[in-house]
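Here is a short briefing on one protein chain. Look through the sequence and the 3D view first, then read the points by topic.

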Amino acid sequence: MNIRTFQPGDERIQAGLYNVAAFRLPGFKPAQETEVQKRVRARGFDPGTRFYAEEGGQAVGYCTLDPGQERVSFPWCKPGFEAVAPPLFDAVLAAARQRGIKKVFAAYRRDWDPVNKFFADNGFTKVREMINYAADPVDLPTVAGRTGQPIRRLSKSDLPVVAEMGKGVIRLPAEQLEKYFFANPYFPAEAVLVLKGRDEDPVAVGIGLEASQYADVKVVDPLAPCFRLGAFGTEGLNTKRVNGLFSFVARPEHLLSGGLGLLAEASQEMTEGTVSTLAAQCPSDAPHLVNFYARYFKEQGRFPVFERVL
């Protein structure tokens with residue numbers, strides 16, 4: 001067996017390997033060569049992050065590393081060649097260590113039992129589930145005096161408070177939040193709302209995304225391992241763009257009032273546009289936020305996230 005890194009022409013090979021390896025799994029959607037081409041032709045693509053196992057000169061398996069996300073894939077192997085999976089996966093973990101990555105994660109559908117078992121058997125721990133929600137605006141509570149809420153748009157001076165409120169949820173360090181909120185190519189900073197306290201500092205911060213070109217939450221597969229754009233806890237990850245996404249963080253003493261105030265304001269703004277159903281996503285290890293969404297939204301589905309320290 002030979003393990004090598006990416007070379008031109010592997011786009012078709014990779015899509016084919018995935019399709020023959022995964023087609024029996026629930027919710028399978030075939031990979032397209034053009035999808036792989038888009039990724040490998042992206043600026044900054046590193047051929048040393050994609051590994052292929054060969055037997056007799058033929059590629060029989062592949063596995064990938066996304067250094068930016070610190071995410072690893074399952075080693076997809078042609079039926080009958082599953083024995084190449086462990087050395088293939090070891091090559092990916094070695095590449096992560098060489099790049100100074102201290103911890104990697106993987107995320108797949110919760111009903112892909114063989115895939116999830118592989119990660120559990122290889123030193124990964126399920127650290128959380130990402131819970132997907134949806135809500136009909138007519139079912140949301142009416143907040144009295146909504147127009148009188150002390151709500152304004154996010155400013156750069158708010159970011160230290162946002163980082164503090166989002167501890168344990170927000171993935172990015174405080175010094176990267178300015179770029180995330182104020183130079184994000186997928187949503188404007190004006191989409192971020194701030195509920196002010198008596199001292200004018202934020203007591204809750206929320207986001208409401210309205211963009212007709214983004215996916216309708218009613219047709220998005222809620223079991224697919226897709227992080228939703230704008231949801232707190234998905235910063236720095238590749239995300240699915242969903243129209244009508246609402247998310248927030250708040251000081252503990254303002255969790256309910258802040259969440260409701262921001263939800264009322266954001267839903268009003270979004271439903272005046274193209275949004276007919278609100279979407280949300282929340283990590284299960286933020287129980288204070290889960291309780292809020294479970295009360296005002298309906299759960300659509302969830303997927304597990306596995307991590308391993310290297």
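**Salt bridges and burial**

D158 is buried, at 3% relative accessibility. Buried means under 20% relative accessible area, exposed means over 50%, and partly exposed lies in between (1.4 Å probe, protein chains only). The model is predicted: local features need pLDDT of at least 70, side-chain atom pairs count only at pLDDT 80 or more, and totals for chains, interfaces and linings use all residues. Residues are numbered from 1 along each chain as its sequence is written, and side-chain values use heavy atoms, with hydrogens and water left out.

- D158 forms a salt bridge with R152, at 2.8 Å from N to O. A salt bridge here is a side-chain nitrogen of Lys or Arg within 4 Å of a carboxyl oxygen of Asp or Glu.
- R152 is partly exposed, with 23% relative accessibility.
- D10 and R4 also meet through their side chains, in a salt bridge of 2.7 Å, N to O. D10 is buried at 1% relative accessibility. R4 is buried too, at 12%.
- E307 pairs with K103 in another salt bridge, and their closest N and O atoms are 3.5 Å apart. This pair links distant parts of the chain: E307 sits in strand 15 (residues 298-309), K103 sits in strand 6 (residues 103-107), and 204 residues separate them. Helices (H or I, at least four residues) and strands (E, at least two) are DSSP runs, numbered from the N terminus.
- E307 is buried, with a relative accessible area of 14%. K103 is partly exposed, at 38% relative accessibility.
- A network of salt bridges links K103, R128, D285 and E307.
- The count by this rule comes to 18 salt bridges.

**Nonpolar cores**

- In soluble globular proteins, nonpolar side chains tend to be buried together.
- The largest nonpolar core holds 58 residues. Such a core is a set of buried Ala, Val, Leu, Ile, Met, Phe, Trp, Tyr and Cys residues joined through side-chain atoms within 4.5 Å.
- F181, F246, F248, Y293 and F297 have the most contacts inside the largest core. Helix 7 (residues 255-271) gives the most to this core, with six residues.
- What does F248 contact, leaving aside its neighbours within four places in sequence? The partners are V205, G206, F232, L255, G259, L262, L289, F292 and Y293. Contact means heavy atoms within 4.5 Å.
- A second, separate core has 40 residues, including A22, A31, C63 and L65.

**Cavity and pocket**

- A search of the whole structure finds one cavity of 30 Å³ or more. On a 1 Å grid over the protein atoms alone, a cavity is a set of points where a 1.4 Å probe fits but cannot get out. A pocket is an open set with protein on both sides within 12 Å along at least five of seven lines, and lining residues have an atom within 4 Å of a point.
- The largest cavity holds about 30 Å³ of space. Grid points are joined across faces, edges and corners, and a volume is the space filled by probe spheres set on the points.
- N132, V220, D221, P222, A224, C226, R228, K240 and V242 line the largest cavity. By class, this lining has five nonpolar, one polar and three charged residues. Ala, Val, Leu, Ile, Met, Phe, Trp, Tyr, Cys and Pro count as nonpolar, Asp, Glu, Lys and Arg as charged, and the others, Gly among them, as polar.
- The second largest pocket holds about 310 Å³ of space. Of its 16 lining residues, A21, F74, W76, C77 and E82 are the closest to its centre.
- Helix 1 (10-22), strand 5 (76-77) and helix 4 (113-121) each give two or more residues to the lining of the second largest pocket. That lining has 14 nonpolar, no polar and two charged residues.

**Loop residues**

- E70 lies in the loop between strand 3 (58-66) and strand 4 (71-72). Its phi is near 60°, a positive value in a residue other than glycine. E70 is partly exposed, with a relative accessible area of 32%.
- F45 is in the loop between helix 2 (33-40) and strand 2 (50-55). F45 is partly exposed, at 23% relative accessible area. Not counting residues up to four places away in sequence, F45 touches F6, R39, V40 and R50.
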